[in-house]
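Subject: Structure handover

Hi,

Here is the structure for you to look over. My notes follow below it.

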Amino acid sequence: MSEHPRDRFDLIPDAAAEAAFLDAFDKGRLHHAWLLCGVEGSGKSTFAYRAARRLLGAAPDPSRGLLGTRPDDRVAQLITAQSHPDLLVLERAVEGGKTKKSISVDQARDLPEFFSKSPSQARYRVAIIDAADDLNLNAANALLKVLEEPPERGVLFLVTHAPGRLLATIRSRCRRLAFPVWPPHALEDLVRNRTGVSSAEAVRIAGMAAGSPGQALALASGATLEADQLAQAWVAAPSLDRAEVMAVADKFRGAEGQERFEILMDRLIAAVKLRALDEGKSGARWAELWERLSELPDRAAAINLDRADVLAGALADLQRVKARA
């Protein structure tokens with residue numbers, strides 16, 4: 001499993017974003033809602049937890065950046081243990097080992113009750129919505145009611161990978177912080193320093209990560225890198241080895257199998273997207289395939305499709321596109 005943003009202390013997402021937030025905090029002009037925008041894996045969630053630690057009273061540790069704190073700080077430990085009474089996190093719920101498709105209105109309704117109470121251990125109460133893109137329509141409207149009546153000593157962080165999809169009324173009530181993509185050399189350094197891979201491998205991973213430090217670290221893990229290599233080989237090969245595909249699908253059983261399936265589908269979708277971009281104007285069929293595959297994991301989870309059958313269907317679709325390209 002990849003490291004959760006609440007457990008990251010040594011990854012600094014974006015110094016400019018941290019400086020802007022800290023300036024507002026120090027000058028007493030802290031906005032009640034912050035919209036954290038950028039590509040997935042650009043450090044938005046990590047920033048939200050770093051800012052939350054500071055708001056909830058964790059002692060600063062300048063060696064870990066402007067909003068840095070030590071992992072052994074008492075406030076940081078409570079947040080890591082998901083037990084700080086002044087922090088509420090909304091994310092897609094997991095039931096029966098499966099992650100829900102969206103953040104429900106019932107979850108969003110926890111916000112007004114949470115902010116109606118005074119902080120019990122800190123100056124502020126903090127809520128993180130990760131990601132706001134996952135709010136269903138009713139949940140988004142419930143959030144809007146909180147934004148329309150800013151809570152006293154309450155701060156919200158809304159993580160979004162696609163701010164244009166949010167309600168305009170939500171966007172207009174938030175202060176926006178943008179998280180830019182990382183340049184290749186920064187990703188290479190990050191991967192080398194955090195994982196110890198070779199320089200050549202770090203260059204390759206940085207090229208695949210599309211400017212996302214989170215994606216780069218995920219790719220550097222053995223399982224993800226292996227899945228990425230396999231997905232790229234499938235996209236490039238004129239035909240597929242049926243025995244190889246069956247051997248891969250045989251590992252999809254149980255909880256670990258679910259994680260393997262999600263990683264492989266994620267890398268297959270990324271490989272198809274890259275092929276669509278490489279094809280340029282002639283890549284319409286690849287772009288359409290990318291759209292279909294992007295919707296497939298959620299649709300499969302919603303109706304409980306067999307993971308091996310989902311992979312087989314995705315690869316059959318891939319073969320049809322290659323045959324017509």
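Arg153 first: it is partly exposed, with a relative accessible area of 43%. Buried here means under 20% relative accessible area, exposed over 50%, and partly exposed in between, with a 1.4 Å probe and protein chains only. Arg153 sits in the loop between helix 6 and strand 6. Its phi is near 55°, a positive value in a residue other than glycine.

Some ground rules. This is a predicted model, in which local features need pLDDT of at least 70 and side-chain atom pairs count only at pLDDT 80 or more, while totals for chains, interfaces and linings use all residues. Residues are numbered from 1 along each chain as its sequence is written, and side-chain values use heavy atoms, with hydrogens and water left out. Helices (H or I, at least four residues) and strands (E, at least two) are DSSP runs, numbered from the N terminus.

Most residues other than glycine have a negative phi, and most peptide bonds are trans. Ala210 has a positive phi of about 55° although it is not a glycine. Ala210 lies in the loop between helix 9 (199-208) and helix 10 (213-220). At 61% relative accessibility, Ala210 is exposed. Check the peptide bond between Asp130 and Ala131 too: it is cis, with omega about 10°. Ala131 belongs to the loop between strand 5 (125-130) and helix 6.

Helix 1

Helix 1 (15-26) has 12 residues. From first C-alpha to last it reaches 16 Å, close to the 16 Å expected at 1.5 Å a residue. The expected span is 1.5 Å times one less than the number of residues. Its buried residues are Ala17, Glu18, Phe21, Leu22, Ala24 and Phe25. They cover an arc of only 160° around the axis, so they fall on the same side of helix 1. The arc is that of the directions from the helix axis to the C-beta atoms. On the other side of helix 1, Ala16 and Asp26 are exposed. What covers the buried residues? The cover includes strand 1, helix 2 (44-55), strand 6 (154-160) and strand 7 (175-178). Gly28 follows helix 1 and has a positive phi, near 70°.

His32 is in the loop between helix 1 and strand 1 (33-37). His32 is buried, with a relative accessible area of 17%. Contact means heavy atoms within 4.5 Å. Leaving aside neighbours within four places in sequence, His32 is in contact with Leu147, Pro150, Gly154, Val155, Leu156 and Arg173.

Arg50 lies in helix 2. Its relative accessibility is 0%, so Arg50 counts as buried. Not counting residues up to four places away in sequence, Arg50 touches Phe9, Leu11, Ile12, Pro13, Glu18, Arg64, Gly65, Leu66, Leu67 and Gly68.

Lys145

Lys145 is found in helix 6 (residues 137-148). Lys145 is exposed, with a relative accessible area of 60%. Lys145 and Arg109 are 36 residues apart in sequence and 9.8 Å apart in space, C-alpha to C-alpha.

Helix 15

Helix 15 (residues 307-324) has 18 residues. Its reach, first C-alpha to last, is 26 Å, close to the 26 Å expected at 1.5 Å a residue. Val310, Leu311, Ala314, Leu315, Asp317, Leu318, Val321 and Lys322 are its buried residues. Their arc around the axis is only 155°, which puts them on the same side of helix 15. The face turned away from that buried side carries the exposed residues Asp309, Ala323 and Arg324.

Second largest pocket

A pocket is an open set of points on a 1 Å grid over the protein atoms alone, where a 1.4 Å probe fits, with protein on both sides within 12 Å along at least five of seven lines; lining residues have an atom within 4 Å of a point. Volume is the space filled by probe spheres set on the points, which are joined across faces, edges and corners. The second largest pocket holds about 320 Å³ of space. Helix 11 (222-236) and helix 13 (254-279) are the elements that give two or more residues to its lining. Helix 13 gives the largest share, five residues. The lining includes Ala223, Leu230, Lys251, Glu259 and Leu264. By class, the lining has seven nonpolar, no polar and five charged residues. Ala, Val, Leu, Ile, Met, Phe, Trp, Tyr, Cys and Pro count as nonpolar, Asp, Glu, Lys and Arg as charged, and the others, Gly among them, as polar.

Best wishes
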